[in-house]
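The following explanation is intended for a reader who meets this structure for the first time. Please keep the sequence and the model in view while reading.

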Amino acid sequence: MKYVGVDVGGTNIAAGAVSAEGEVTLKKTISARAFREGSLIMKDIADLCRDVMSEDGGEFAYIGVGVPGAVETETGVSRKMANINLDDLPIRDELEKMTGFRVFLANDADCAALGENVNGAARGSGMSVTVTLGTGVGCGVIIDGTILKSSFSNGGEAGHQVIEYGGRQCGCGRRGCWERYASVTALIYDSNEAIKRAPSSALAKLARRGGGRVTGRLAFEAAAAGDPTAISVIDNYLRYVACGVTNLINIFDPEIVVIGGGVSEQGDVIIEPIKKYVAKDVYGGILRAKIVTAALGNDAGLVGAAMLGRHRLGRL
Ligand SMILES: [Zn+2]
């Protein structure tokens, strides 16, 4: 028996056929065209699921869908979505009508955390926290193979823990949220500020050579080449990442913290300093949790979505 996992994003929508072990056997991606009518997006999701199932040829038990925002998991209704026109829609019921399959719906960061727990970097661990450093900062907590369920659909928003009171303005309305310091968006902002302050630095030269386009990778490249401006940008960024990770460890005491998102491709370049800063600050003085980079990359959300029904329908 297989499952369809769908990862809905503001740019692309990916769907895959996933085995019970969490292996992706077939994957298809379409452009989200995120700001058209929500019913058209849902119809495309249903068509994509049907394509995946017919091309794969396996037998499928259900469809799991991860969406970028708050979800009422019991009713399958979406609430506020980020970067896609799917607010307040009965996505589960609509997709069930269109596909004839049972559908499970959850937040995409929760799905990524579940994917890493089932078949990724946190495989086999009883409790894991997965943090995704991307456009924003996502977070999912898995306990005994199950997503930690919040009471009112808004739990796990670790990206909006304030780590700098009165700090940078966040889209959520507060100031100083973690994601304003630890997301890739924040790293790009920091890099641009450093380039303005130090126009003759290697970082600034590298940016100009690339036509002025600053990416999340740029400061890592310049730092690897020994540029002190870039080294300072990265060090400052990783201290903020570590600050939020320390808070999560202090709250949850997990076996493992998985760092995902684009920045995680830097591997030990980020993990070693994060471990050092967390070990210095963690409550109790000894860092017991493992801190590792994600293993499933872009497939984590899709794999986790495909696993959504398992604990609710029993182990299939
Ligand atoms: Zn916020």
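The model shown here is predicted. Its chain is divided into domain 1, formed by 2–117 + 298–313, and domain 2, formed by 124–183 + 230–295. Between the C-alpha centres of domain 1 and domain 2 the distance is 25 Å. To the contact between them, domain 1 contributes 16 residues and domain 2 contributes 20 residues. On the side of domain 1 that touches domain 2, β5 (69–72) and α3 (108–119) supply at least two residues each. It is α3 that gives the most to this side, with eight residues.

Attention now turns to helix α5, which covers residues 184–197. At 1.5 Å a residue, its 14 residues should span 20 Å, and this agrees with the 20 Å that separates its end C-alpha atoms. Which residues of α5 are buried? They are Val-184, Ala-186, Leu-187, Ser-191, Ala-194 and Ile-195. The buried residues of α5 pack against β8 (127–133), α4 (179–182), α6, α7 (218–224) and α8 (228–252).

One of these partners, helix α6 (residues 202–209), packs with α5 at an angle of about 110°, the two axes being 8 Å apart. Because angles of 65 to 115 degrees count as roughly perpendicular, α5 is described as roughly perpendicular to α6. From α5, Ser-191, Ala-194 and Ile-195 make the contact, while α6 provides Leu-203, Ala-204 and Ala-207. Five of the residues in this contact are nonpolar, one is polar and none is charged.

Two loop residues deserve a separate look. Asn-83 lies in the loop between β6 (77–81) and α2 (91–99). Although Asn-83 is not a glycine, its phi is positive, at about 65°. Is Asn-83 buried or partly exposed? Asn-83 has 15 other C-beta atoms within 10 Å, and is therefore partly exposed. Asp-253, in the loop between α8 and β11 (256–260), is likewise a residue other than glycine with a positive phi, near 50°. With 14 C-beta neighbours inside 10 Å, Asp-253 counts as partly exposed.

Technical notes:
Residues are numbered from 1 along each chain as its sequence is written. This is a predicted model: local features need pLDDT of at least 70, side-chain atom pairs count only at pLDDT 80 or more; totals for chains, interfaces and linings use all residues. Axes are lines fitted to C-alpha atoms, for helices over the stretch in contact, and angles run from 0 to 180 degrees between N-to-C directions. Helices (H or I, at least four residues) and strands (E, at least two) are DSSP runs, numbered from the N terminus. Angles under 35 degrees count as roughly parallel, over 145 as roughly antiparallel, 65 to 115 as roughly perpendicular and the rest as oblique. Two residues are in contact if their C-beta atoms, placed from the backbone, lie within 7 Å. Ala, Val, Leu, Ile, Met, Phe, Trp, Tyr, Cys and Pro count as nonpolar, Asp, Glu, Lys and Arg as charged, and the others, Gly among them, as polar. Domain bounds come from an automatic or database domain assignment. The expected span of a helix is 1.5 Å times one less than its number of residues. A residue is buried if 20 or more other C-beta atoms lie within 10 Å of its own, exposed if 12 or fewer, and partly exposed in between; C-beta atoms are placed from the backbone.
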